[in-house]
Amino acid sequence: MQDRISVAEIPKELEKLLNAKNLINGRVLAFATADMDVNCDIRKNVLILTENELIHGLAPAVTTEHRFSGFKELPTDYKDFTFNSFEVKAISNIMVDTMVVGGIFRADVFSTERAFCAFTNAYKGRINRLAEILKKLINNEEIGEDLLFQEKQEAFCPKCGTPYPEASRKICPKCMDKRKIFFRLASFFKPHTFGIFIICLMSILGSLMGSLLPYLSGSLLYDEVLSKAKNSQILKAIPINDFSLLLLMLVLTMVTIVVLQQLFGIIKGVVVAKIVPNVVCGIKNKVFKAVQQLSVSFFTGKRTGGLMARVTEDANQVSNIFIDGIPFILPNIFLIIFSFVVMFSENWILAIVTVISLPLIIIVSLKMEPIMWHYYSKDFQASRDMRARLNDNVTGTRVVKAFGREKGEAKALNRANDVIKLTEWNSVDFRNKFTAMFQFAIVIASVLAWSLGAFFVLKFWEPEMSYGTLVTFAGYVSLLSGPVNFFSYIFQWWSSSMNSAQRIFEILDAKPEVVENPNPIRVEKLKGEIVLENVTFGYEENRDVLKNITLKVDAGKMLGIVGKSGAGKSTLANIITRLYDAKSGKIFIDGINIRDMAFSDLRKNIAMVSQETYIFKASIFENIAYANPTADKKAVLKAAIAAGAHDFICKLPDGYDTIVGTGGRSLSGGERQRISIARAILANPKILILDEATAAVDTETERKIQAALSELIKNRTTLSIAHRLSTLRDADELIVLEDGKIVEQGTHAQLIKLKGTYFKLFQIQTKALAMRGIGD
């Protein structure tokens, strides 16, 4: 049960409140949340089902402040919820009305219809499960563990009750410990410990040099050197004597300090230039590697622009705090302490007056940091949406122009750009206020130092202060502006870096749904026998695409898969190749459960030609050889000839060296499909899956490819999915899928004789082809 979670698990804060109100009567069976009220306005709902009652909690109406912030950002205080309790025996006719983007949960209470809540698709799974349990409870039916427990797909933050954004990571954006993120992020810099040490050392030495300048240019210069000059006749004839030598030494010392400061800065800059690219490159490589390990399902809900931003920009952002921040913390703390010591030793009264505002600024900064985190999150979301929109526009240029939507796309892009402008404006405005607060404190401190210090110099107040001491004091007040500015920016760098790090770790910690067995069975060569036993699969919970599929394909045989669009044909191919795992049931290849088989062995023995053909930006030769990078030119040519691609490739200006793909030469749909087929032929698999392999070619080309495929499929297990049924007449067996189930099975002749679904589809296609003058 360790990989499953009870659907009765509710936030501890809510459970404590319900117990205090004596609302929980009996064992809790199910808990669900929803994000809208019955009027479809954003509003939090909770549903708690016990053995005796259904409890419905409704949050107060959303304020304007949160109306467009999203469900997860709404404040959660269960004390403000309104709770209603309904006896189970009074409830009947439970319904979950499915809509395009969600649904409505309703039931009859004392024979009067009542709508409880509306919800978006994110909450559909739990609502459906609660409804099923409630139906069985009303009908006194046994409630199985399959309903009471589910895979760990969602859980709730015990502190605030917010659903976790990702079920496999129990991290709440509101309650996350940013210190843990920081220390985890620091591991990326561990190989560069010596370099970080050098940066810190150079920063400390630079700060030490800088801390001496106010004293040298203040007390030492005015009180020790120039004051002596006033009492001597040296200024009249400046001979080389003790005074001039002292002045020269002071000037040389100050010049040396400045030169050393610059030297330390140059050394630090050189080390930073070496570390940053290596760290950023390492983070990008690790993120990209993690992305490659994730299942196909991870990408279906993500937009390209957002993923690209995580791999590129976030990797750059996380380095800021470690390169521009951490190494300078100790030097700046040293400068602050050293300045305080000097200032308090010179005049403790003036020191207290000038630094009294700093503790208040630090407290305010700590309070403002979460707000800054929020602004950086909004910045990223706006930039991500902009990139996604731009990516869609560029990749879909043909569609945009074909429908004359240039102006519409330009307006949409402008709207996305306006959102970025607004979020960046708000972010910059807040940062400017943040920085201005620090600058104002320094300016006030400096004005107070000079103004009040003048009274001490003029001997209006005690203790007396020399002009040189006042210059030194003011110099250290000005010196404080560096550390104060630094700490104003480090709060911003902290928020930005931790925000980016959190998004990076979302990818690094994401667990693929399809996982290789820790001790996989290695199989070098497969025979190709495929067996499915009661296989059920759905992309969404409680929405099965395949239902109890039982099937056997003998090694070396061809199975034709027929059905209307959406019947589950491509899904069947996807689960056999383990792009997805079946929800229930088992799939065997040569008697071995594919979940126990090594990924590398499974994938190298299966090749798929999909209806979604992808061509990489590379030469045609490299695109075909992608299936087998070690293949020689002869093997590639042979595969291209078999796929009917050789003729059109030879007509291209650079032949097999022609660059295709994004930014390369444009290919027709049929040409792209034939390259894809050649790629599969080169892989030389034992199992071949043809998913509408000839859908994008004309009839003449299709016949050429079919002739080549007839030779290719010999001694190979072939699963062929096609809408054009004439291409499946030679299949050893055919299955007809309808609503996720096998409704007919047999040879072409047998299914024609049966005069069922296959017969009707075949007749319709035959008549359609005859009307176009195309024979079978």
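For angles I used axes fitted as lines to C-alpha atoms, for helices over the stretch in contact, with angles from 0 to 180 degrees between N-to-C directions. Contact means heavy atoms within 4.5 Å. Helices (H or I, at least four residues) and strands (E, at least two) are DSSP runs, numbered from the N terminus.

This is a predicted model: local features need pLDDT of at least 70, side-chain atom pairs count only at pLDDT 80 or more, and totals for chains, interfaces and linings use all residues. Residues are numbered from 1 along each chain as its sequence is written, and side-chain values use heavy atoms, with hydrogens and water left out.

Pairing takes at least two DSSP bridges between strands. β10 (residues 530-537) and β11 share 5 bridges. Phe 537 stands opposite Leu 546 in β11.

I then turned to the other open sheet. Its 6 strands run β15-β18-β19-β12-β20-β21, with mixed pairing. β15 (606-609) and β21 (741-746) are the edge strands, each pairing on one side only. The twist averages 15° from one strand to the next. I checked β12 (residues 558-563) against β20 (residues 733-738): they run parallel, joined by 5 bridges. Gly 560 has Leu 734 in β20 as its bridge partner. Helix α22 (residues 669-683) packs on this sheet, touching β15 and β18 (687-691), and its direction makes about 175° with that of β15.
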